[in-house]
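Subject: A structure for you to explore

Hi there,

Here is the structure I promised to pass on. Have a look around it first, and then read my notes below.

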Amino acid sequence: RRSLVVVIGAGPAGLTVANILRAASVDCVVLETESREFIEQRPRAGFVEEWAVRALEERGFAEGIMARAQAHHECEFRWAGERHTFRYGELSGRRHFVYPQPLLVTDLVRAYADRAGGDIRFGVREVALHGMDTDRPAVSYTDPETGQRLRIDCAAVAGCDGARGVTRASLPAERVSVARHDYGIGWLALLAEAPPSSDCVVFGLHPRGFAAHMARGPRMTRYYLECTPGDDPDNWSYDRVWSELRTRLDAAGARPLTEGRLIEKRVLDMHNYVVEPMSYGRLHLAGDAAHLAAPIAAKGMNLALHDALLLGDALVAHCARGDGSGLRGYSDAALRRVWQYEEFSEWFSEVLHGTSSGDPFKAGTAAARLRRLFGSQSAATAFADLYIGNEVDN
Ligand code: RFL
């Protein structure tokens with residue numbers, strides 16, 4: 001069908017695009033390599049910025065968030081044995097909504113597939129793109145049950161298959177540029193079956209390495225520990241993890257940490273990339289397929305949603321009204337926010353990792369930034385605006 005859109009990947013980006021298309025009665029097929037159970041449980045992000053919640057709410061996709069998310073408007077830096085509360089909500093007038101990614105994915109699958117009767121095919125294999133630079137694009141894949149090779153002719157493809165998908169890999173190298181940044185830092189990402197030990201996000205800046213605490217709900221907490229890139233998670237026993245967390249997050253008057261079983265323990269090598277442009281012919285990338293922002297500033301899922309809102313509307317205009325202007329401007333419009341968030345992540349990384357860098361110059365500049373953040377109203381306001389997510393794209 002020539003007005004149909006194939007969405008590759010059922011993460012936050014792909015499911016948001018699919019829901020927007022479905023709500024506008026534009027035909028759409030979603031292809032996902034994993035099972036429904038798997039994507040509804042995969043733990044990852046948890047902080048949704050207020051502008052994104054409002055945008056989802058306007059479209060009727062934020063029911064679960066509004067009913068169950070906790071609002072956060074403060075964070076805390078623990079540095080040189082002291083606690084510094086940072087009230088970004090007061091400074092920016094905006095807040096974060098703590099809503100684990102699996103819950104958002106579950107809501108979006110339910111809205112698209114169960115309520116709106118949208119077509120989503122789980123467990124597909126060997127997805128391949130054809131003729132993206134022609135006016136007869138198509139996507140083929142292997143059906144998991146029959147083993148048959150199937151082909152879908154379409155009007156456009158939304159490449160929402162994340163950091164390890166096929167859509168980015170199928171862009172011809174001479175038509176795109178990929179900007180990369182490697183931080184040379186690893187984070188041990190932990191998910192503890194334990195209630196949060198603070199009412200807000202805590203950043204521990206310690207000579208032994210950075211550490212962080214982030215609520216993921218009443219019984220679940222995410223922790224991060226800076227480690228060597230490529231470190232083996234098996235080097236981190238239960239006792240070592242909790243002992244390091246206690247040391248690095250220690251400060252005068254801090255509540256003791258509530259320990260709990262570690263249900264996720266993986267090492268993330270901190271790196272970013274940005275693909276430019278995000279469109280090639282009939283293929284339009286969104287979310288991690290187009291750009292990665294290491295979880296340093298919790299921006300990845302928010303950027304995925306931003307892309308998806310823009311792309312969904314642009315595809316509706318194209319398929320339902322024959323107006324291609326949104327698709328032509330999509331890449332430029334999305335990349336403005338992408339680069340703002342990439343820049344902030346890089347700046348913030350230097351603040352978070354300076355103390356443990358072993359480099360007196362980096363430690364000195366990080367300390368200068370922290371003092372400015374705690375002491376200057378204008379610096380604090382500028383930081384708050386970026387931390388909670390820009391209201392406008394510069
Ligand atoms: P996703 O969520 O990776 O979804 C892509 C989907 O595509 C499927 N797929 C394919 N489907 C069909 N054909 C193929 N060939 C396919 N290959 C893959 C995959 O199975 C998957 O279902 O990408 P999307 O939608 O762009 O969303 C991006 C976000 O998931 C990501 O940016 C965030 O999770 C990043 N992130 C965080 N972001 C935040 O905003 N706040 C946070 O606090 C935060 N914490 C995190 C994070 C990412 C983490 N990891 C695991 C890298 C914490 C962690 C530990």
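Two strands count as paired if DSSP finds at least two bridges between them. Helices (H or I, at least four residues) and strands (E, at least two) are DSSP runs, numbered from the N terminus. Residue numbers start from 1 along each chain as its sequence is written. Please keep in mind that this is a predicted model, in which local features need pLDDT of at least 70 and side-chain atom pairs count only at pLDDT 80 or more, while totals for chains, interfaces and linings use all residues.

**The whole chain**

The protein chain holds eleven helices and 20 strands. Its radius of gyration is 21 Å, close to the 21 Å that the globule rule gives for 394 residues, so the chain is as compact as a globular protein of that length. (The radius is taken over C-alpha atoms, and the rule is 2.2 Å times the number of residues to the power 0.38.) Along the principal axes, the C-alpha trace spans about 65 × 45 × 40 Å.

An unreviewed UniProt entry places the feature "domain: FAD-binding" at residues 5–345. UniProt positions follow the numbering used here, feature names are shortened, and annotations may be inferred rather than shown by experiment. Over residues 5–345 the chain is 31% helix and 31% strand.

**The sheet**

Strands of a sheet pair through backbone hydrogen bonds, either parallel or antiparallel. Here, an open sheet of eight strands has the order 6-5-14-15-16-13-17-20, with mixed pairing. Strand 6 (82–86) and strand 20 (291–292) stand at the edges with a single partner strand each, so one side of each is left without a neighbour in the sheet.

Strand 17 and strand 20 run antiparallel, joined by two bridges, and Tyr273 faces Leu292 in strand 20.

Most residues other than glycine have a negative phi, and most peptide bonds are trans. Ala80, in the loop between strand 5 and strand 6, has a positive phi near 50 degrees. Glu276 and Pro277 are joined by a cis peptide bond, with omega about -10 degrees; Pro277 lies in the loop between strand 17 and strand 18 (279–280).

**Around the ligand**

Which residues come nearest to the ligand? Of the 34 around it, they are Gly9, Gly11, Gly162, Gly287 and Gly300. (A residue is near a molecule or strand if its C-beta atom, placed from the backbone, lies within 6 Å of it.) Helix 1 (12–23) and helix 8 (300–321) each supply at least two residues of this shell, and helix 8 gives the largest share, four residues.

**A kinked helix**

Helix 9 (residues 325–353) has a kink of about 35 degrees, centred on Ser331. The bend at a residue is the angle between axes fitted to the seven residues ending there and the seven starting there.

Enjoy exploring!
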